[in-house]
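Hi everyone, thanks for coming. Let me put the structure up on the screen, and then I'll walk you through it.

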Amino acid sequence: MTDQHEIAVVRWTGQDHSPDGGLSGLLAAYHLRTQEEKGEGVERVEELPERYRAEVRDPLGAFGRDVVLVAVSGGAAVGCVVVTGAVGGRCEVKRLWTRPAQRGRGVASALIGAALAQAGRSGVRTVGLSVWRWRTGAIALYERLGFTVVPPWDGREGLVCMERAL
């Protein structure tokens, strides 16, 4: 029998009390997996590019102007998403990550729903995101939630840019 805990999405307050590293642990897993998928795999956070190491070491410094939402289940951080500050009626959703063992339980959908609600409260009209083209499951999720592919604003090879009006 598996232990089924409710998923709660909360605004990250800058402290990690989770036994598995909280937000820093989620960001580390996200960046390590992304580097692996890009064919640039590294084994340790210390080997990540500096901009990603900085997020893991000091999420508050990296995302201090943004809203960070964390999904919690059974007292542990199981997922995260960042909603950037609004600029010109638009914000972005980034760093969506769900621990692999928690996938298929609605964590990512709950995080995106909370991110869209946060964006709406901040008065934006459009929410954008970029996703690596090989993350087909994530792209399908975003499409189900009303995002559509738009011309790229990020020139990195392999990124798909998407937007949704609020």
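I'll start with the overall layout, then go inside, and finish with one residue.

First, some housekeeping: this is a predicted model, where local features need pLDDT of at least 70 and side-chain atom pairs count only at pLDDT 80 or more, while totals for chains, interfaces and linings use all residues. Residues are numbered from 1 along each chain as its sequence is written, and side-chain values use heavy atoms, with hydrogens and water left out.

So what is the chain built from? You can find five helices and seven strands; helices here are DSSP runs of H or I with at least four residues, strands are runs of E with at least two, and both are numbered from the N terminus. Read from the N terminus, the order is β-α-α-α-β-β-β-α-β-α-β-β. The radius of gyration is 15 Å, close to the 15 Å that the globule rule gives for 166 residues, so the chain is as compact as a globular protein of that length. That radius is taken over C-alpha atoms, and the rule is 2.2 Å times the number of residues to the power 0.38.

Now let's go inside. Of the 166 residues, 42% count as buried, meaning under 20% relative accessible area with a 1.4 Å probe, protein chains only. Which residues have the most contacts inside the largest nonpolar core? They are Leu-96, Val-127, Tyr-142, Phe-147 and Met-162, in a core of 26 residues. By nonpolar core I mean buried Ala, Val, Leu, Ile, Met, Phe, Trp, Tyr and Cys residues joined through side-chain atoms within 4.5 Å. Several elements each supply at least two residues of this core, including strand 4 (90-98), strand 5 (126-132) and helix 5 (136-144). Helix 4 gives the most, with seven residues.

Take a look at Phe-147. Leaving aside residues up to four places away in sequence, Phe-147 touches Ile-112, Leu-116, Val-127, Leu-129, Tyr-142, Met-162, Glu-163 and Arg-164, where a contact means heavy atoms within 4.5 Å.

My last stop is Arg-95, which lies in strand 4. Most residues other than glycine have a negative phi. Arg-95, although not a glycine, has a positive phi of about 60°. Is Arg-95 buried or exposed? At 11% relative accessibility, Arg-95 counts as buried.

Key:
Buried < 20%, exposed > 50% of the residue type's maximum accessible area, 1.4 Å probe, protein only.
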